[in-house]
Amino acid sequence: MLGGRLLSAAVVLFTNVLLASVLSPADLGAYFLAFTVVNVAGTIALLGLHQTVVRLVAESGDRPWRAAAAVRASFVLAALGCAAVGLALAAGGNAWIARRWFESPALAGATIPIAVFVVAYAFRNLVAESFRGFHDLRSATLFSGVLSGVVFLAVLGALRATSGRSTFEVVLWANAAAFLTAAALGGLALARRVAALGPARGLGAGNVLRQTLPLLVVNAIAFCVTQADLWVLGAYRPAQEVALYGAAQRLVALVAMPLAIVNLIVPPFVAEMYAGGRRHDLQRLLRAAATACGVPAAGVLALFIAAGGPILGFVYADFYRSAAPVLAALSVGYLVNVLTGSCGVTMTMTGHQTTVMTIAIASGLLTLGLALAAVKPFGPRGVAVAAATGLATHNVAMWLATRRFTGLWTHVGVPRVEDLRRLVGVRR
């Protein structure tokens with residue numbers, strides 16, 4: 001799992017370098033906006049199923065027929081969600097967003113690749129999370145980012161080597177094709193695994209839908225915490241400033257990478273250990289994980305604050321050095337995210353989706369309001385501070401709610417050798 005995530009981080013870093021090389025700043029800004037549209041639309045199309053399927057499969061235990069039913073019902077519902085969202089985009093939704101919100105003709109003309117990308121995004125994520133529910137972390141890692149990332153990087157490298165430059169729409173098609181490749185190959189492997197479980201029974205699509213709808217609202221509102229900053233910037237500022245902000249935003253994800261690794265590992269264990277009453281062991285595991293993540297995250301944050309400009313110039317180009325204040329502000333918000341640990345995952349995997357939804361709505365509205373107030377007078381720097389404030393508020397509220405509703409603390413603590421050993425050996 002660690003190897004896969006480190007490879008993914010390296011692939012993302014080199015991908016961003018190539019994107020800045022083959023696209024102009026204006027096209028790169030349009031690409032970042034298109035990717036957020038895909039992210040939001042794909043998340044809505046998934047209906048929260050990528051989180052629900054992990055819990056349902058992990059809780060099935062010695063009832064393989066229930067796990068099979070959960071996976072099959074999730075894919076049926078995801079197909080319906082993709083069809084609805086795809087039709088909405090093709091019928092004018094994408095053009096309306098592009099023209100009325102971003103004033104981007106390039107984005108308005110990319111409806112077909114965006115619709116294809118949304119479907120690929122949704123099914124790739126659902127395939128990967130289904131494997132995670134089965135504790136098959138190797139397959140989950142491969143299909144959640146490694147395979148699609150490597151394919152996309154190879155295509156970008158070929159474009160750079162042959163023509164030197166490319167267009168926003170060609171790059172968008174290339175990434176959609178990479179996601180489709182991962183979704184297709186992962187879907188075939190998952191189909192074989194589910195077929196071996198035997199007939200599906202004990203869990204219908206209606207039951208799955210009732211459990212996943214609160215997560216749909218959570219994920220839609222989570223957009224305001226993680227994506228609204230870029231949308232607000234795209235609506236009120238030039239494309240070049242969007243490119244600066246997006247470049248810093250993608251680089252700052254390195255701060256949260258250790259926690260992202262843990263959050264991909266722990267969901268099935270949280271569901272099992274909490275259901276089995278092993279809360280003391282679960283808290284020790286979660287806090288050890290947060291501690292192991294906090295140290296490298298703090299180191300990366302310090303590096304970004306001290307040398308953000310040179311780092312951005314080295315990774316991208318001299319044009320992007322001016323995004324150093326954005327990088328520093330976003331890093332602070334992501335550090336709070338890391339220090340509070342896997343509180344959101346713990347709430348979701350223990351059945352507290354409604355509370356998660358309430359917190360997501362409140363923090364999302366806070367982020368959106370602050371970003372709208374700051375974008376005109378302060379530009380990217382003000383939006384970055386608004387985004388960091390919303391993210392920090394969201395995670396602190398989720399951390400306190402986790403303690404109240406589950407009795408568990410998830411934050412960084414003083415590490416114990418035995419707990420760190422347990423974290424490393426958790427799969428055994």
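**Exercise 1. Find which residue forms a salt bridge with Arg193, and work out which parts of the chain the pair ties together.**

Step 1. Arg193 forms a salt bridge with Asp136, and the closest N and O atoms are 3.2 Å apart; the term stands for a side-chain nitrogen of Lys or Arg within 4 Å of a carboxyl oxygen of Asp or Glu.

Step 2. Because Arg193 lies in helix H8 (residues 168-195) and Asp136 in the loop between H6 and H7, the pair ties together parts that are 57 residues apart in sequence. Helices here are DSSP runs (H or I, at least four residues), as strands are (E, at least two), and they are numbered from the N terminus.

Step 3. Arg193 counts as partly exposed at 31% relative accessibility, whereas Asp136 is buried with a relative accessible area of 16%. Buried means under 20% relative accessible area, exposed means over 50%, and partly exposed is in between (1.4 Å probe, protein chains only).

The model is a predicted one, in which local features need pLDDT of at least 70 and side-chain atom pairs count only at pLDDT 80 or more, while totals for chains, interfaces and linings use all residues. Residues are numbered from 1 along each chain as its sequence is written, and side-chain values use heavy atoms, with hydrogens and water left out.

**Exercise 2. State how many salt bridges the rule gives, and describe the one that joins Arg132 and Glu129.**

Step 1. The count comes to five salt bridges.

Step 2. One of them is formed by the side chains of Arg132 and Glu129, at 3.0 Å from N to O. The side chains of Arg132 and Glu129 are also joined by a polar contact of 3.0 Å, a term for a pair of N or O atoms within 3.5 Å, where within protein one must be able to donate a hydrogen and the other to accept it, and where residues adjacent in sequence count only if both atoms are side-chain atoms.

Step 3. Both Arg132 and Glu129 lie in helix H6, three residues apart, which is about one turn of the helix.

Step 4. Arg132 is buried, with a relative accessible area of 0%, and Glu129 is buried as well, at 15%.

Step 5. A further salt bridge is made by the side chains of Asp281 and Arg278, at 3.9 Å from N to O. Asp281 is partly exposed at 26% relative accessibility, and Arg278 is partly exposed at 45%.

**Exercise 3. Classify the ring pair Phe131 and Phe143, and then the pair Tyr316 and Tyr320.**

Step 1. A pair of aromatic rings is described by the distance of the centres and the angle of the planes. Rings of Phe, Tyr and Trp (its six-membered ring) pair if their centres lie within 6.5 Å, and planes under 30 degrees apart count as stacked, over 60 as edge-to-face and the rest as tilted.

Step 2. A search of the whole structure finds 10 aromatic pairs. In one of these, the ring centres of Phe131 and Phe143 are 5.8 Å apart and the planes stand at 20°, so the pair is stacked.

Step 3. This pair links distant parts of the chain, with Phe131 in helix H6 (residues 111-133) and Phe143 in helix H7 (residues 137-162), 12 residues apart. Phe131 is buried at 2% relative accessible area, and Phe143 is buried at 7%.

Step 4. The rings of Tyr316 and Tyr320 have centres 5.3 Å apart and planes at 45°, so this pair is tilted. Both Tyr316 and Tyr320 are buried.

**Exercise 4. Name the members of the aromatic cluster, and find which charged residue lies over the face of Phe35.**

Step 1. Tyr31, Phe32, Phe35, Phe117, Tyr121 and Phe179 form one aromatic cluster.

Step 2. Arg250 lies over the face of Phe35, at 5.0 Å from the ring centre; a charge sits over a ring if NZ of Lys or CZ of Arg is within 6 Å of the ring centre and within 35 degrees of the ring normal.

**Exercise 5. Locate Thr350, and list what its side chain reaches or contacts.**

Step 1. Thr350 is found in the loop between helix H15 (343-349) and helix H16 (353-406), and Thr350 is buried, with a relative accessible area of 14%.

Step 2. The Thr350 side chain reaches the backbone oxygen of Met347 at 3.2 Å, and it makes a polar contact with the side chain of His352 at 3.0 Å.
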